[in-house]
Amino acid sequence: MQKILYIEDELLMQNIVDKILSREGYEVDVANDGKMAMQKLIENNFDYSLVITDIMMPYANGFEIISKIRNYTSPKKIPIIVVSTIGNEDAILEAFKLGADDFLKKPIMAGELLIRVKRLAGQ
Amino acid sequence: MDFSYFTDASIAQLLEEFYYSPLIIQIAIFFIFFSVLCILVTYTSILTKRYKGYRLEKKLERINPIIDDLILKNIIFNDELNKDAEEGEPANLIPLHDFQKIPFKSAFGKQALINRIISFRKSFKGTIAFYLRQLYIDLELDKQSFNKMKSVKWDKKVVALVELTAMDMSIADVNILPLTNSKNSELRAEARHAYIKLSKNEPFKFFDVVTEPLLMWDQIQLFKIITTTEDIAIPNFARWVTYSTNKSIVSFCLKLIVYYNQVDGIPAVIKLLDTKDHGLRANAINCLGKLKVDEVEDKLLEIYGNQTQNCQIEILKAIGRIRSGKSIDFLKYEFLHSSDFDLRKNAARSIISGGIKAQETIQLLLDTATKENLLILKHCMNPLIKF
Amino acid sequence: MWEFITSFYESTIFVYGLTLLIIYAILAILSFIAIASYVKKNKYFDYDAIVSSPLTPGISVIAPAFNEGLTIISNVKSLLTLNYPVFEVIIVNDGSTDETLQLMIDEFSLIIVEFAYNPKIKTQPVKCIYKSTQAAFSKLIVIDKVNGKSKADASNAGVNLAAYNYFLCTDVDCILDKDTLLKLVEPIMKQNKGRVIATGATLRIANSCDFDGTLITRMRPPKNLIPRFQEIEYIRSFVMGKVGWGYINCVSNVSGGLGLFDLDIAIKAGGYDFLSFGEDMDLITRMCRYSVDNKIKYAICYVPITLCWTEGPSTLKTLMRQRTRWARGLAQIVSSHFSLLFNPRYGKMGMIAFPYIFFFELLAPVIEFLGILYFIFLIFFGLINWKFALLLLVFVYSYAVMISTLAILWDQFTFRYYKTWGEVLRLCLTTFLEFFLFHPFIVIFSIRGYLFFLSRKKHSWGNMERRGFNNTTLSTAK
C-alpha cells in the first residue's frame, strides 16, 4: 500500500483530505506542524511514496520540510506536493526551486488533487 | 479619632451625617458604593462571559464533527452525486434528511452549518464547492442570511453580505446599492465588494462613481474577487486610467492591466507619464516595465532627468525588466556617475539583469570598478541576496 | 499666608486627582467602544485574503540579539515560521560575547556575503552580513555589528537593511503569536483616517506560561506575586490605556517589545535614538512630529489582543532597574520634546497626548510622593480629620480596583485568556493588593529614575555652561 505523509495545520482540511485519500486506498499519516512532520519522517525512515505539505505552519515551515526531505539522500526520490493559501509568486517559485514537484493553491479541487497524487505516488 | 462612627451608628444617623458632610466626601462615599457595585457586576460579567464562551466552544466541538461526517457521507463520498456530475447535468439529489434533523433545527445549528459550509468552501472548490452551495440553497439557509441583511445593526448586515458573497448568491441591486453608500465605512466597503462579485450587470459601475480613495484592504479584496470569480466580464481597465479622477482607482487599474497583460491599454498608460502626481507616475512606469513595453524606453530615458527619485528608480527597474539592451550605456553612466546610492544600486541591478547582452559591459565594469562599485556589483550578482 | 498655601495645595491636588479619575473613566469607555468594534469586525474578517493576495505588502522583522545563546536558535526559527506570505527576518547580533553568532552560523549554514550596505541611520560599525546557503532559510539575514550598548543602535542597523516598506521591531527573547504580522498589518490596510505609521498590540508576562518550544500551549497568570502585578499593570495599560487612546488617535507610545512601523517615516524621523532610555516612545514622538511637519495625516493604531509574551522581572531588584530606566527615559523624552506641550501646531499630540504624559505620567509619582509627605506632616501636627481621610483613601482605593477589574473584563472580551475561571479570579483578587504592595514601589523607582535623570543632566549642563559662559553669567546675574 502506498503511504502518504500529509502535513497541514488547519484541522478541517486535514481531516477531509485524509479521509478522501484513505478512501482511495492510500495509507495516510497526518502531521499538524513542522515538528511532528519531522518526527514522522524520521520514525518512518523517510519511507513515504508522497509528501503533501502546507507552507505556513509552526516550528518548521513547508520550505524547511521540503529541503530536509531533499537533503536526505535515499535510494528513491520522494515526490512532494505543496498545498498552500500563499498567492505570492516568489513563494511559489521558491517551493519549486527547493524541489517541490507540484503546487496547488487553496481552495483546491479534490478531484485534481487525487489525479496529481495518483500520478506522483502511483495507484 | 472617632471610630465608633463605623460600628454602632444607626442608618438614620449615617444618612444624616452624610447629608451634612462636605460635597467632596459625599461624592467620595457615592463613588465607593459605585465602585464596589461595579466590581461585583464585573465579576459576574467575567464569569458569565467565560461560561458562555466555554459553552459555545463545547457545542461547536460537538456539532462540527457531525456536520463534517454528514458532508463527507452525503456529498463528498456520495457516488450517485458524482456520477451525475460527470454527465454534465448535476441533478438535485443531495439527501437532505440528515441535515434537517435535530441539531440543525435550531437557529444555532443552522448558523453552525452555514459557517462550516463556508469553511469548507475556503478549502475546496470545484464539485465539492458546487454541491455545498446547492446544499445551502436546498436547506434554505440563504433565508437566514437574507434575514440578517434586514437587521438594523451594521455588523449583522456585513455578516450577511460576507455569507452571501461566500456562497455566490445573487442579491438584488435594489437591496445592495443603498448599502454601497452607507455612512458606515465597513458596511460600505463590504457592500461594494459584494456588488462587484454578485451583480451581473456592470459590476464595475462603482469604479466610475467612487470618490474616496480605495484602501489597501479594498484593493486586496477587489483583486481577489476580480481574479477568482469565474463568470465576471473583464473590462478594458485603460478606461479608468484615462478618465478616472480617483488616483487610487487609477493605480489599482494599472495593477490589473499588468495582471491581465492588457497590451491594448499601453497608450493610456504612456499618457499617464505626463501626470503631475509622482506616485502615480511611478506606478505607470512600473506597469510599463512589467508589460515589457520596449517602444517606451526612449521616452523614459528622455524624461529621466527631471524626475523625482522614486520615479527614477522605477525607470531604472523598468529598463532592467524590458531587457532590450538598448540603454546599457545609460545604465552604465548612471551607475558610475549618479550621486545617489539607491540609483546606482538599481542601475547595477538592471545592467546585470541584461544577461548575455550585457556580459561585456559587466566584465568591463568589474575590471575597472572602484572598491565601492565592485561591492555594489557583487551585491547585485549574488543569488543569495534578494534586494 | 500659610493657610492660603495649604488650601491652594489641597485644591490643586483635588482638581488633579479628580481629572485623573475622570480620564480613567473616559479611557475605560473609549477602550470599550474600540474593543467592541474590533470584536465585531473580527467576526467576518478574512485573514486568508491577506495571505493569498499578491498585493500584500512585505514586512521586515527586526530582532536585535545580545548574548542570547541559550534560546537564539528556537527563537529565530519561530520568527521564520510566522504566518505571513512576504517577509524577511533580520537578526542583529549586537556584538555578543557568547556563542550566539556561531550557533546561528552552524544551524542555518550562514556565510558572509559581500553586501553593499548603505546606512541611512548612523550606527556602530557593521562587521559583516550573513545569509544562509540553504534555500529554506532565504528569508534570514544576520548582521554582525560592534556592540553599541543599546537596543536602539542595534535596531537601527536592522532598519538600515530592511527591504520592505514596513518593519516589525521586537526582541529576540519575546514570544510572538504566529499570526502577529497578519493582525498588525490589518489596521494599516483598513484605516481610513490617515497613513498608519505604527501599530502595536498587547504585551503579556510569559513567566508562568507553558511552552512547547516557542509556542504557548497554556496561558497562566504568573504564580509569583511581582510578575503577577505586572500582568495586571500590562493589561490595564495596553487594553484600557493604549487601545482607548488609539480610538481617538492619541497613542503616544508603541512598546519596544512589539511594534509595526512605516519604514520610510521611521528613517526620515531619524530612527531610534541610541542615547535614549525610552527609545521606543522617543521614536514614536519623532515620527509624529515628522508627519505633522510634513503635513502627513497620520494614525497610530493599537489592536486589543495579546500578540507578544515577554519575561517580566521577578525580583524587586530587577524590577527596580527596569522601572528606573523607564522613568529616566520618560523624563528624557519630555524634556527633549518640551516644545510640544500645548502646542496647537501638533494637533492632538500637542494638546492631548503630550500634556497627558507630562501631567499624569511624568508628574504623577512626584505629586503622589509630595502628597504622602504632606499627609505625614498633617499627622505630625494633628491636623488631620481621620474620618474624611480614611473615606478618601477608601474612595481612591476602590476606584483603582474597579478600573483594574474592568480592564481584566475588557481583556476577556477579545479572547478567553487563561484556562480556568480560578486563574482569572486569582488575577482579579491580586488587584486588591496592588495598591499597597506594588504601587508604592513603582512610585519610589520612578522618583529614583527622575533623580538619575537630573543628576546626569547637571553633568551635561556643566559642559554647556563652559561653552556659552557669557550668556549664563548674564542670566544668573539677574
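Which residues in α19(B) meet which residues in α20(B)? Let's start there. One caution before the answer: this is a predicted model.

On the α19(B) side we have I328(B), L331(B), K332(B), E334(B) and F335(B). They meet L343(B), R344(B), A347(B), A348(B), S350(B) and I351(B) in α20(B). By type, the residues of this contact split into 7 nonpolar, 1 polar and 3 charged.

Now the geometry. Two packed helices are described by the angle between their axes and the distance between the axes. Here, helix α19 of chain B covers residues 328-337, and helix α20 of chain B covers residues 341-353. Their packing angle is about 145°, and the axes are 8 Å apart. The crossing of α19(B) past α20(B) is left-handed.

Next, chain C. Look at G246(C). This glycine sits in helix α7 of chain C, residues 225-247. Is G246(C) buried or exposed? Count the other C-beta atoms within 10 Å: there are 24. The cut-off for buried is 20 or more, so G246(C) is buried. What does G246(C) touch, beyond its neighbours within four places in sequence? The contacts are A34(C), V251(C), I300(C), C301(C) and Y302(C). Take I300(C). Along the chain, I300(C) and G246(C) are 54 residues apart, yet their C-alpha atoms are separated by 6.6 Å.

Chain C also touches chain A. The contact involves 18 residues of chain C and 19 residues of chain A. On the chain C side, two elements give two or more residues: α2 (47-52) and α3 (72-80). The largest share, 3 residues, comes from α2(C). This side of chain C divides into 8 nonpolar, 7 polar and 3 charged residues.

Most residues other than glycine have a negative phi, and most peptide bonds are trans.

First stop, chain A. The peptide bond between K106(A) and P107(A) is cis, with omega about -5°. P107(A) lies in the loop between β5 (102-105) and β6 (108-109) of chain A.

Next, N45(A). N45(A) is not a glycine, but its phi is positive, about 55°. Find N45(A) in the loop between α2 (34-43) and β3 (50-53) of chain A. N45(A) counts as exposed, because it has 9 C-beta neighbours inside 10 Å.

Finally, D168(B). D168(B) also has a positive phi of about 55° without being a glycine. Its loop runs between α8 (154-166) and α9 (173-176) of chain B. With 16 other C-beta atoms within 10 Å, D168(B) is partly exposed.

Technical notes
Residues are numbered from 1 along each chain as its sequence is written. Chains are lettered from A and ligands numbered from 1 in the order in which they are written. This is a predicted model: local features need pLDDT of at least 70, side-chain atom pairs count only at pLDDT 80 or more; totals for chains, interfaces and linings use all residues. Axes are lines fitted to C-alpha atoms, for helices over the stretch in contact, and angles run from 0 to 180 degrees between N-to-C directions. Helices (H or I, at least four residues) and strands (E, at least two) are DSSP runs, numbered from the N terminus. A crossing is left-handed if the near helix is turned anticlockwise from the far one by less than a right angle, and right-handed if clockwise. Two residues are in contact if their C-beta atoms, placed from the backbone, lie within 7 Å. Ala, Val, Leu, Ile, Met, Phe, Trp, Tyr, Cys and Pro count as nonpolar, Asp, Glu, Lys and Arg as charged, and the others, Gly among them, as polar. A residue is buried if 20 or more other C-beta atoms lie within 10 Å of its own, exposed if 12 or fewer, and partly exposed in between; C-beta atoms are placed from the backbone.
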